[in-house]
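The exercises below are meant to be worked with the sequence and the coordinates side by side. Try each task before reading its solution.

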Protein chains: 2
Amino acid sequence: MNLRSLREREIIRAVRREFSGETGDIVLGIGDDAAVIQSASRRLLLTTDLLIEDVHFVSSLHPPYLLGRKALNVNLSDIAAMGGRPKFALLGLALRRGMAKDDVTKFFLGFGAAAREHRTELIGGDISTSAKMSISVTVVGEGKNPVRRSGARPGDYIFVSGTLGDAAAGLELLKKGYKLGRNRRADVLLRAFLDPVPELSLGLALSARRAATAMIDISDGLSVDLFHLSEESRVGAEVYLARLPLSPDLLSFVKKPEGLALHGGEDYKLLFTVNPENLGIIERLQKKHKVYWIGETKRKSGIFLTDEKGKKRPLEIRGFEHSA
Amino acid sequence: MNLRSLREREIIRAVRREFSGETGDIVLGIGDDAAVIQSASRRLLLTTDLLIEDVHFVSSLHPPYLLGRKALNVNLSDIAAMGGRPKFALLGLALRRGMAKDDVTKFFLGFGAAAREHRTELIGGDISTSAKMSISVTVVGEGKNPVRRSGARPGDYIFVSGTLGDAAAGLELLKKGYKLGRNRRADVLLRAFLDPVPELSLGLALSARRAATAMIDISDGLSVDLFHLSEESRVGAEVYLARLPLSPDLLSFVKKPEGLALHGGEDYKLLFTVNPENLGIIERLQKKHKVYWIGETKRKSGIFLTDEKGKKRPLEIRGFEHSA
């Protein structure tokens with residue numbers, strides 16, 4: 001809304017050169033009042049996230065290149081959780097006042113790299129400066145058979161698409177001063193937090209085969225996101241503690257990993273439910289994708305955790321309290 | 001990304017009830033990983049804006065109901081400037097920590113009222129809390145014949161769709177302690193700033209009749225936005241100072257209104273160019289819409305201002321420096 005500074009106009013020009021647009025589906029890209037797209041499908045998926053410095057990320061812990069990647073990838077993860085294919089992105093950005101030009105460039109390079117990897121085109125946005133950095137990303141995707149959170153039925157099998165708790169452990173390590181590139185096992189955890197990968201290919205495969213009855217991505221943590229899925233589907237759930245997939249990297253750093261796996265958040269794995277009749281499809285997908293069975297949905301409401309000794313207790317629905 | 005507090009979940013539930021969705025074009029509204037829409041058209045317009053407290057707005061000056069309206073309406077103004085029709089909106093919101101529940105409600109009521117007025121449906125979003133309020137709005141619109149910034153040709157007539165400088169004068173009054181509802185003339189200026197109206201109907205009419213060669217909305221101020229239009233169209237421009245439309249309300253408060261009219265910004269009027277052959281269309285539109293002729297585009301680059309005495313000088317391209 002305010003006059004754009006010369007520096008901001010310079011950035012807009014550079015971004016416009018980099019993300020050229022106006023090929024194929026893009027009738028009009030960056031640089032007008034609105035972008036114009038020509039979609040192959042009339043059915044579109046839309047998702048938006050607003051990330052704020054010191055609320056959703058900490059700049060001193062997050063290299064700008066990886067922050068650019070993550071800002072896009074967490075939105076692509078929402079498209080993955082619908083079984084969709086991302087097509088376009090819009091970026092609203094408030095740069096930190098006095099932010100180094102090099103850091104701004106790295107942020108855009110990271111955003112651009114993630115966009116290219118997942119065939120998503122930046123078509124527009126908005127840029128300004130503020131005391132804290134704010135990043136708003138909107139992604140438009142296509143998806144013929146979107147997988148909702150609400151389709152699970154009692155007796156469905158519950159799966160997750162990768163190990164849990166790695167991202168939360170990575171954040172703990174970052175806070176302790178760990179850096180990338182010094183320890184192979186630590187790097188796995190740090191990367192899980194700093195550079196999560198949206199599970200687009202698995203999401204698409206599940207949607208195309210109509211194999212998942214309900215799906216959500218794990219952003220808040222298994223307990224909270226399973227609660228969302230259960231609530232929307234009006235089913236209960238039972239999770240087996242011994243089945244939670246834990247990485248050897250997590251186990252090498254954390255003595256009691258259960259809390260991180262259940263409540264850690266930011267793993268951006270897919271959590272989905274499957275009708276027992278379709279387990280064959282999952283077995284075939286397991287040849288290409290990591291898919292772990294962790295429990296079942298139930299007719300009776302409530303989410304329960306069954307421990308190694310077969311003892312069942314209500315699963316606490318909460319995020320992980322990270323140490324300050 | 002973080003666990004949502006109970007309060008945030010409560011707000012999401014209330015918003016979801018209010019903006020029910022899943023009618024007609026909305027296959028899946030608020031509450032899943034992404035919204036699913038079914039568009040009547042394959043050609044879509046997309047625009048996004050990120051508004052940050054103390055950068056783009058000041059909460060103590062902006063009543064939350066009007067802030068909610070403005071947050072949506074400035075994005076609808078971008079759709080108007082393309083000659084499009086808005087359809088859907090996404091709202092990423094970081095509430096100020098400790099913000100009164102009543103203010104949150106008013107913000108949503110204002111946003112909702114503007115949405116209903118302009119037949120725009122809220123289909124999704126993201127909510128969190130932060131030290132400062134941040135508002136990210138994305139609007140999806142339809143438009144068969146989008147009007148770009150780049151289509152002006154030398155010799156086109158330049159028009160604006162209303163009086164200029166009112167919003168900037170309104171902001172100055174707000175800073176001096178003026179409040180709504182005390183002075184009829186002041187109210188016109190205060191409302192111009194606090195509650196701008198997107199010129200959707202005129203934008204659509206210009207697009208449908210293919211009457212405008214180029215169009216932009218005046219958000220940064222006439223000089224800056226005319227510069228953008230000229231730059232994209234690769235034309236020069238001459239503006240006649242005596243033709244700038246000024247409201248009697250502005251004239252009653254400001255002795256030298258030219259600076260506000262040229263550089264004030266936030267008026268959200270349409271600035272557009274018309275081939276002389278199509279002046280008849282504009283004359284017919286003037287029966288229903290306010291449209292003022294202010295100058296012409298030129299072959300030679302550069303933007304010039306001709307004063308009442310016919311003296312021509314380069315127009316300074318800058319925003320208005322508001323007193324602190």
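A residue counts as buried if 20 or more other C-beta atoms lie within 10 Å of its own, as exposed if 12 or fewer do, and as partly exposed in between, with C-beta atoms placed from the backbone. Helices (H or I, at least four residues) and strands (E, at least two) are DSSP runs, numbered from the N terminus. The model is predicted, and local features need pLDDT of at least 70, side-chain atom pairs count only at pLDDT 80 or more, while totals for chains, interfaces and linings use all residues. Residues are numbered from 1 along each chain as its sequence is written, and chains are lettered from A and ligands numbered from 1 in the order in which they are written.

**Exercise 1.** Determine how many residues of helix H4 of chain A are buried, and find what they pack against.

*Solution.* Begin with the extent of the helix: H4(A) covers residues 166-175, and eight of its 10 residues are buried. These include A:Asp166, A:Gly170 and A:Leu174. Next, apply the contact criterion (C-beta atoms, placed from the backbone, within 7 Å); the buried residues of H4(A) then pack against helices H5 (184-194), H8 (248-253) and H9 (258-263) of chain A. Finally, look just past the helix, where A:Gly177 takes a positive phi of about 100°.

**Exercise 2.** Describe the side of chain A that touches chain B.

*Solution.* Count first: 60 residues of chain A are in contact with 59 residues of chain B. Sorting by type gives 27 nonpolar, 20 polar and 13 charged residues on the chain A side, where Ala, Val, Leu, Ile, Met, Phe, Trp, Tyr, Cys and Pro count as nonpolar, Asp, Glu, Lys and Arg as charged, and the others, Gly among them, as polar. Last, inspect the strands, which pair if DSSP finds at least two bridges between them: E2(A) and strand E3 (residues 43-52) of chain B are antiparallel over four bridges, and A:Ala35 stands opposite B:Leu46.

**Exercise 3.** Why does one side of E8 and of E13 in chain B lack a neighbour in the sheet?

*Solution.* Write down the strand order, E8-E10-E7-E11-E9-E12-E13, of this open, mixed sheet of seven strands in chain B. E8(B) and E13(B) stand at the edges, each with a single partner strand, so one side of each is left without a neighbour in the sheet. Within the sheet, E7(B) and E11(B) run antiparallel and are joined by four bridges, with B:Gly295 as the bridge partner of B:Ile158.

Note on methods: Two residues are in contact if their C-beta atoms, placed from the backbone, lie within 7 Å.
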